[in-house]
Amino acid sequence: MIVITLYRRYILMKKSINLIFFIVISVLLISCNKISSLETTSNKEDESIIYSVESIPSSLLPNLGVSVGENDLICSLFEGLVEVDEKGNIIPALSEGWKLSDNKLEYTFIIKKDIKWSNGNQIKAKDFEDYFKDLLSPQNKNFIGDELDSIYGVKEYRSGKNSFNEVAIKAIDEFTLAIKMNKVDDDLLYNLTKPIYRLRDLKSPLNNYLNDYTRIKYSGPYIINSLNKDTKEIKLIKNKFYPNNAGVNEIVFIKSEEKELDFAAYNIGKIDVMKNPPITLFKEGNLLTSNHIYTTNIMKILIFNCDNAISGLLDFRKGIMNALNLELMDSYIIKNNIGKWNVNELNYLQVVEKDISNKPIEILDNYDKRQSYYTQAIQFFYNLNIYDKTIRLIGKDTLENQFIGEFIRDLLKSKYSIKVSLNLYDEEKLKDILEAGQFEIYIGELDLNEENFTYEFINSNSEIFDKNLSIISLYNINDIWCKSDKIKYLFVDKNGNIIFKYINKNLLT
């Protein structure tokens, strides 16, 4: 631990990203140290998975604000009626399956008869009814979503107008749960796969699990076996009452302190799974061969200030889109799978309603097509007389925005003689700049799963962005999962969560 601590301090003081590789090589020489203060492996390292996460949840209560990484812990401890696989297919979880009425207004779930809470008590349909009653209660301030309002009576119950007796989520018998709708909702089953709808007893100390995890009833394949509050390390073991209990014997969640240190530990086999290694490693060409790529619903986008004299011109926006279209393929972000190319026009209504589908990738190395985009961009820019102007390109201060911003700036300068100033700000300063309209192009991120800052900015300025080519997408951000040689395959569901129960002994090398 002394050597590792010294390395952590050394990393924090580093002045150049090139030192990362020196650290990796140096840590490779350390064979006697352990990455964790917990005895995580119990001398069974081949049966344990050590997973470095950016944060550990402060509570196990269902909350829409929990990050994807924190939900990986939730998905290991609890299960719901249904779950979703990697391709978006809905599959049974604690239910055997479901029936949908001909008019698509009533779902009937048959609860499995061999499932139990971690204390050995039978899980029944009434447990689900009670869970939704507590979750949707107007007194529950942790739940603020409206995606279940299509269920009869939910909206009125949430607003305090009716009791739960009027809500059409009912246990018909011990093992049958019925849900009736007030309108057809094709998204209901998918919504029920989200971690927030995984079965919990909300009367148990979920909000104080860091101190009282032994009194919690778990419905999933794992339970918390031990926990170190100081280092935020949590060890899970199999839930002996979970049927068909596959998966590894132990999972240890370790809170990441420094991604460079995690990557070094990963290289010497002290960490088995980590997500999104330092982006600087990709810029330096230090690519990983053992990884799993998951395309997220977060899009990197460009937003044009249509109230501006330059970016308000449609030909300018057309020129930018043509300039970037296939040239973006040459950026290291696309080449190294940090993002999945998706240059496309987005209209205001698509963004507000989050009704966006990926544009199919065309022929990537078509020289004639690439030249046609270049020629069209030249023509659009030439007619605007903007070569004595400086385009203000802004965004939030992140490494990814720096790299993509530099790519756009250098491309426009080298190929089109257009001057660009790139300025990145902290979120508070960025809000001031955007509200003042002191930009031509804003590099933003649009999360199709939740309403983030960029979404709110677009939604509140409909008069600016309800114009052609006011918003264009560049790429979908990829999550890159690094996995040790111990694991042949990672199962990441369509919600972006690792499902550890599907890593079984047959998948271990």
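Biologist: Let's begin with helix H3. Which of its residues are buried?

Modeller: Keep in mind that this is a predicted model. Helix H3 covers residues 68-77, and nine of its 10 residues are buried, so the rest of the structure largely encloses it. The buried ones are Gly69, Glu70, Asn71, Asp72, Leu73, Ile74, Cys75, Ser76 and Leu77.

Biologist: And what covers the buried residues of H3?

Modeller: The cover includes both strands and a helix.

Biologist: Stepping back, how many helices and strands does the chain have?

Modeller: The chain has 509 residues, and 52% of them are buried. Among contacts between residues at least 6 apart in sequence, 70% join residues at least 24 apart. As for secondary structure, the chain comes to 17 helices and 17 strands.

Biologist: Now the open sheet of four strands: what is the strand order?

Modeller: The pairing in this sheet is antiparallel, and the order is E4-E5-E7-E6. Strand E4 (95-100) and strand E6 (169-173) each have a single partner strand, so one side of each has no neighbour in the sheet. From one strand to the next, the twist averages 25 degrees.

Biologist: Which residue in E7 is the bridge partner of Phe109?

Modeller: Strand E5 spans residues 106-111 and strand E7 spans residues 176-180; the two pair in the antiparallel sense over five bridges. Phe109 falls within the E5 range, and its bridge partner in E7 is Leu177.

Biologist: Which helix packs on that sheet?

Modeller: Look for a helix that touches E5, E6 and E7. Its direction makes about 165 degrees with that of E6. That's the helix at residues 125-135, H4.

Biologist: Lys203 and Asp134 meet in a salt bridge. How many residues apart in sequence are the parts they tie together?

Modeller: Their side chains come to 3.1 Å, N to O. Lys203 is exposed at 68% relative accessible area, while Asp134 is partly exposed at 23%. Lys203 sits in the loop between helix H6 (188-192) and helix H7 (209-212) and Asp134 in helix H4, so the parts tied together are apart in sequence by 69 residues.

Biologist: Take the salt bridge of Asp212 and Arg215. Is Asp212 buried or exposed?

Modeller: The two side chains meet at 2.8 Å, N to O. Arg215 has 55% relative accessibility and counts as exposed. Asp212 has 16%, and the cut-off for burial is under 20%, so Asp212 counts as buried.

Biologist: Where does Glu427, the partner of Lys396, lie?

Modeller: Lys396 and Glu427 form a salt bridge at 3.3 Å, N to O. Lys396 is partly exposed at 38%, and Glu427 is partly exposed at 33%. Lys396 belongs to strand E14 (residues 390-396), so the pair ties together parts 31 residues apart in sequence, with Glu427 in helix H15 (residues 427-436).

Biologist: How many salt bridges does the structure hold?

Modeller: Some of them share partners: Glu79, Glu83 and Lys501 are joined that way into one network. The total for the structure is 17.

Biologist: On to the rings. How are the planes of Tyr51 and Phe500 arranged: stacked, edge-to-face or tilted?

Modeller: Both residues are buried, Tyr51 at 1% relative accessibility and Phe500 at 1% as well. Tyr51 is in strand E1 (residues 48-53) and Phe500 in the segment after strand E17 (471-483), so the pair ties together parts 449 residues apart in sequence. The ring centres are 5.6 Å apart and the planes stand at 55 degrees, so the pair is tilted.

Biologist: Last one: which residues do ring pairs link into a cluster?

Modeller: The structure holds 16 aromatic pairs. Ring pairs link five named residues into a cluster: Phe304, Phe316, Tyr374, Phe381 and Tyr416.

Technical notes:
Residues numbered from 1 in each chain as written. Predicted model: local features only at pLDDT ≥ 70, side-chain atom pairs only at ≥ 80, totals over all residues. Heavy atoms only, no water. Pairing = 2+ DSSP bridges. Axes fitted to C-alpha atoms, helices over the stretch in contact; angles between N-to-C directions. Contact = heavy atoms within 4.5 Å. Buried < 20%, exposed > 50% of the residue type's maximum accessible area, 1.4 Å probe, protein only. Salt bridge = Lys/Arg side-chain N within 4 Å of Asp/Glu carboxyl O. Phe/Tyr/Trp six-rings, centres within 6.5 Å; stacked < 30°, edge-to-face > 60°.
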